[in-house]
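Good morning, and thank you for joining this meeting. Please look at the structure on the screen while I take you through a few of its parts.

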Amino acid sequence: MSLVGQSLTQALQHPSAPALTPRRVAVIGAGAAGLAAARALRRRGHDVVVFEKGPRLGGIWAFEPDPGDDPLGADPVRPYSALYDSLRTNLPRDLMAFVDYPFDSSGGGDDAWPRFPGHAEVLAYLERFARDFSLLDAIRFDTQVDSITPADGWRVISTRQGRQREEAFDAVAVGNGHYAVPRIPSLPGMGAFPGRVQHSKTYRRPDGFRGQTVAVLGASASGLDLSTEVATVARHVYWCADAFAQLPVEQRVRGNVERTAAVAALLPDGGLRLRNGAELPAVDVLLLCTGYRYAYPFLPSGLVDVDDNWVRPLWQDLLHVRHPTLAFIGIPFRVVPFPLFDVQARWFAALLSGDVTLPEPDTLLAASERRAAELRAAGVAQRHFHQRSLDCYDYLDALCAQSGQPPIPDWHRDLAAAVLAHVAANPGRYRDRPLPTFGPTRVAAGTA
Ligand code: FAD
């Protein structure tokens with residue numbers, strides 16, 4: 001059990017804040033988080049407007065085959081989606097699904113879809129979710145939120161087809177995602193590097209890497225997927241991350257993929273200096289799988305600040321400590337995203353209906369600072385403060401208990417543990433290896 005989750009649950013047993021009864025709620029984004037928020041808020045009778053700057057719902061799952069000519073993904077608006085052509089989920093669809101809307105024929109899926117489906121299936125699932133819960137009429141497409149400021153409630157300024165509009169809302173649920181602004185490491189020598197530098201946000205397929213020597217930077221999910229895919233056509237792939245620095249020599253090379261320490265500097269001839277002092281010969285391409293930055297360009301700084309990827313001041317990674325009508329759906333990562341969005345959204349909807357009683361703002365701030373201090377004491381880097389993992393279930397349990405929601409079923413936690421073991425036992429092949437079913441998800445015979 002997370003210490004913080006426990007102490008906050010205890011704190012909520014001492015109600016002190018008044019119930020809130022807003023009528024109009026702005027939801028930013030029609031990705032999975034925004035859709036979950038729209039459903040939860042409407043179920044509680046709130047009047048919801050979902051602002052979506054793109055032409056489609058689904059957020060990153062609305063795949064864009066052509067990311068444009070912007071290899072570092074510097075444009076803050078396009079592309080909307082960071083997904084590559086071959087992407088299949090890294091969670092089985094049982095765990096991906098909103099808990100009460102299965103990813104099978106009893107919900108928004110198909111029993112014959114793979115357990116680890118492709119992006120097109122996830123988009124179809126989200127489209128069915130929006131249809132089945134009648135959310136489409138709440139979404140304003142092609143409408144970008146430019147600014148949100150506190151003003152006896154909230155003043156929201158948005159732009160659609162060049163025309164700005166200002167409106168008042170009682171509450172705001174921010175679901176703008178955090179896979180839009182690439183994190184580009186500032187490596188010495190980057191300006192003089194003679195090769196191509198690209199971020200995974202704009203990677204779609206391996207064609208452009210044929211015969212090339214490629215350095216893939218970063219050992220997270222995209223680093224794993226892209227180093228594997230690029231290696232099918234590249235001459236040689238250096239996969240560089242601190243996680244590999246201690247690997248014994250015999251485990252460093254698999255096929256044409258060589259795992260090395262992280263890159264410390266780029267050399268003028270295209271070579272790389274590594275953090276362990278070694279140097280690699282010239283590479284043609286640097287493929288940065290270095291993640292993303294949280295960004296809230298529509299919120300005034302001072303209200304919300306992002307400090308080395310730590311968004312603050314938030315309580316439970318969810319609620320603004322001084323403005324309890326401003327919530328952020330989907331900030332934690334390394335979690336089960338859709339169930340987490342749903343639980344957070346229901347929590348916020350319950351709060352706005354007066355069914356969650358808040359401690360005083362000072363208590364919220366103290367709890368938020370206490371969690372940061374605990375993470376720091378445990379040696380967690382600040383940019384990982386929103387990272388959870390299997391303890392996300394403790395976090396979800398706490399939110400469910402605070403807001404009168406049924407807990408996430410036990411099979412979910414059991415399957416999550418089994419998936420971690422499954423991925424560790426079948427690196428690179430886990431998506432096509434049989435995985436036991438734990439819960440009610442329907443899986444057609446013969447489906448891995
Ligand atoms: P997004 O999907 O990014 O949606 C945010 C929406 O907000 C977008 O539609 C955007 O256009 C809109 N928006 C942003 N700013 C504004 C504004 N100012 N005005 C109006 N609209 C705005 N999760 C899984 O569960 N399983 C997986 O296998 C998985 N694989 C992933 C692979 C990759 C490569 C990445 C990057 C992520 C993956 N995820 C996966 C995590 C994924 O991000 C979540 O599943 C989820 O889709 C995020 O939803 P979201 O709504 O928070 O954000």
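Predicted model: local features only at pLDDT ≥ 70, side-chain atom pairs only at ≥ 80, totals over all residues.

Asp142 sits in the loop between strand E3, residues 139–140, and strand E4. Asp142 is not a glycine, yet its phi is positive, at about 50°.

Three strands form an open sheet here, in the order E4-E5-E6, and their pairing is antiparallel. E4 and strand E6, residues 163–169, are the edge strands; each has a single partner strand, so one side of each is left without a neighbour in the sheet. On average, neighbouring strands of this sheet are turned by 20° against each other, direction ignored.

Let us consider one pair in detail. Strand E5, residues 154–160, pairs with E6 in the antiparallel sense over 7 bridges. Within this pair, Val156 stands opposite Glu167 of E6, and Arg160 has Arg163 in E6 as its bridge partner. The hairpin of E5 and E6 has 2 residues between the strands, and Gln161 there takes a positive phi near 45°.

Val156 also lets us compare sequence with space. Phe103 and Val156 are 53 residues apart in sequence, and their C-alpha atoms are 34 Å apart in space. Phe103 itself lies in the loop between helix H3, residues 93–96, and helix H4, residues 119–132. With a relative accessibility of 1%, Phe103 counts as buried.

I now turn to the ligand. Which parts of the protein supply its shell? Helix H2 (32–43), strand E4 (143–150) and helix H6 (337–352) each supply at least two residues. The ligand is surrounded by 28 residues, and the closest are Glu52, Ile60, Trp61, Asn90 and Met96. By class, the shell has 16 nonpolar, 10 polar and 2 charged residues.

A polar backbone atom of Ile60 is 2.9 Å from a ligand oxygen, and a backbone N or O atom of Asn90 is 2.7 Å from an oxygen atom of the ligand. For Val145, a polar backbone atom lies 2.9 Å from a ligand nitrogen. Taken alone, the ligand exposes 990 Å², and the protein buries 91% of that.

A second sheet deserves a place beside the one we have seen. It has 3 strands, it is open, and its order is E14-E15-E16 with antiparallel pairing. Strand E14 (263–266) and strand E16 (279–280) stand at its edges with a single partner strand each, so one side of each has no neighbour in the sheet. E14 pairs with strand E15, residues 272–274, in the antiparallel sense over 3 bridges. Ala265 has Arg273 in E15 as its bridge partner.

Finally, I draw your attention to two backbone details. Asn309, in the loop between strand E19 (305–307) and strand E20, has a positive phi of about 65° although it is not a glycine. At 12% relative accessibility, Asn309 counts as buried. The peptide bond from Arg312 to Pro313 is cis, with omega near 5°. Pro313 is placed in the loop between E20 (310–312) and strand E21 (314–315). Thank you for your attention.

Notes: Residues numbered from 1 in each chain as written. Heavy atoms only, no water. Pairing = 2+ DSSP bridges. Helix = DSSP H or I, 4+ residues; strand = E, 2+ residues; numbered from the N terminus. Near = heavy atom within 4 Å. Polar contact = N/O pair within 3.5 Å; in protein donor to acceptor, adjacent residues only side chain to side chain. Areas by Shrake-Rupley, 256 points an atom, 1.4 Å probe, with all protein chains shown as cover. Nonpolar A, V, L, I, M, F, W, Y, C, P; charged D, E, K, R; others polar. Axes fitted to C-alpha atoms, helices over the stretch in contact; angles between N-to-C directions. Buried < 20%, exposed > 50% of the residue type's maximum accessible area, 1.4 Å probe, protein only.
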